[in-house]
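Q: Please take a close look at a single part of this assembly and describe it in one connected account. Kindly state the criteria behind each term that is used.

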Amino acid sequence: MEKEMEKNIEVEDIEITEKEVPELTFKKAEGGLYGDAKIPVKILDGIIAGGIIFMLIILFSSVA
Amino acid sequence: MAGRMKTRMQEIKAMDAKDKRRFWKETLLNNSLYIFIVIAIIYIQIQAPGFLAPASIINIISLSAAAMPLALGVAGTIVLTGTDLSAGRCVGLTACVSASLLQMSDYANKMFPNLPEIPIIVVLLAVVAIGAIAGLVNGFSVAKFGLHPFIVTLATQLILYGIVLIYLMNGNNNGQAISGLDERYTSFIKGTLFTIGGTAVPMYVLYGILLTALMWVIWNKTAFGKNMFAVGSNPEAANVSGVNVNRTITGVFVLAGIMYGLSGFIEAARIGSNSASTGFNYELDGIAACVIGGVSFVGGIGKISGIVLGVLILKLIFTGLNFLSVSVNMIYIIKGIIILVACAIDMRKYLVRK
């Protein structure tokens, strides 16, 4: 008897018609202000490393 | 915290050599700007021992407090995947308006000689209103017409600059810098809050703290703040969830404008002499502080604590470079590189996640 009831509940729980499911097909706007930038990560690594090294050179060369 | 660190260390130990190398490379690159700043602070302190003296630290905190409202305003627009290039000029306009309305009554070169004494609160509300109108124009154009904030705020920047130049030609001023500010005004902004070791902490530090607290509440404890992050993260999802996207975008820009108005009000009294160049490039400092503080251009990411840290770090590094007598021209280059590197780190994190 109990098993039968459980079966009924299960059937009721999963009975979702297509209309009831909202269509959530939207996609996040990729990248925000970066847009669809396709810059390779290696180039970004280069920019980061180059920038830091340049700033360190300026810093250390500022005092004679 | 200690337990989490221990688990992390165990995870690192369990990695093979290749993964370990990759982990340290990622950590080093993602934190490279902070590492540079720590090295710079240590180096500057060694070269100029007065750098971290109490008086210097109070000066850095004061400079940060003055820059805070602008950075907090810009941050909201960045969270929306935008930016605000008109921030500096808006500060300039509101600073000039504040200064012109609060000059000493007996000052020889008073801009409006027949102007009666105006209560400070009236001027404060006036500049807040000016900032809000500028923000409303920006926000409305972005939200309603779907224009990119970069273009809209670039146009507003030029318009505001033109308005400043025209405004400075009014009365007896003839384009000159506005000075001779009323004692009530200067003491309201620059008056001593308290002294530490003989160095006065100005009143505007308190205002900076109050505005930061206010923004924290708006960002974290209000529906508007939650909506802002939702719109910044995914406008379409926010829209289907019942968030009024247009109103949120406009609100964020208006709030930013109010912050610029307050920033201009503080700045006018702080610097004492206001001209068309007041506020020039302030937006770049604000944007740099936000990006350093972890407000992502990808949108929907940012914390008030990060912005505060970003502003403090920027002021710390530029005050330090002044201590080392690095030329102003070089400081501009460093400022640009800091923004570039911070953006590269931000973009790198985004691409790796993707």
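**The loops and the interface of chain B**

A: B:Ser325 is found in the loop that joins α14 and α15 of chain B, where helices are DSSP runs of H or I with at least four residues and strands are runs of E with at least two, numbered from the N terminus. This is a predicted model, in which local features need pLDDT of at least 70 and side-chain atom pairs count only at pLDDT 80 or more, while totals for chains, interfaces and linings use all residues; side-chain values use heavy atoms, with hydrogens and water left out. Residues are numbered from 1 along each chain as its sequence is written, and chains are lettered from A, with ligands numbered from 1, in the order in which they are written.

The phi angle of B:Ser325 is positive, near 60°, although the residue is not glycine. B:Ser325 counts as exposed at 62% relative accessibility (buried is under 20% relative accessible area, exposed over 50%, and partly exposed in between, with a 1.4 Å probe and protein chains only).

α15 (328-353) is among the helices of chain B that each supply at least two residues of the side touching chain A; the others are α2 (17-30), α3 (32-47), α10 (223-233) and α11 (235-240). The most comes from α15(B), with 15 residues. That side of chain B comprises 27 nonpolar, eight polar and five charged residues, where Ala, Val, Leu, Ile, Met, Phe, Trp, Tyr, Cys and Pro count as nonpolar, Asp, Glu, Lys and Arg as charged, and the others, Gly among them, as polar.

In total, 40 residues of chain B are in contact with 26 residues of chain A, contact meaning heavy atoms within 4.5 Å. The two chains bury about 3100 Å² between them, 78% of it from carbon and sulfur atoms; buried area is the accessible area (1.4 Å probe) that two parts lose on being put together, summed over both. B:Phe36, B:Tyr43 and B:Met347 provide 18% of the area that chain B buries against chain A, more than any other three residues.

Two salt bridges are found across this interface, each a side-chain nitrogen of Lys or Arg within 4 Å of a carboxyl oxygen of Asp or Glu. One salt bridge joins the side chains of A:Asp45 and B:Arg348, at 2.3 Å from N to O.

Another loop of chain B, between α7 (149-168) and α8 (183-190), holds B:Asn174. B:Asn174 has a positive phi of about 55° without being a glycine, and counts as exposed at 54% relative accessibility.
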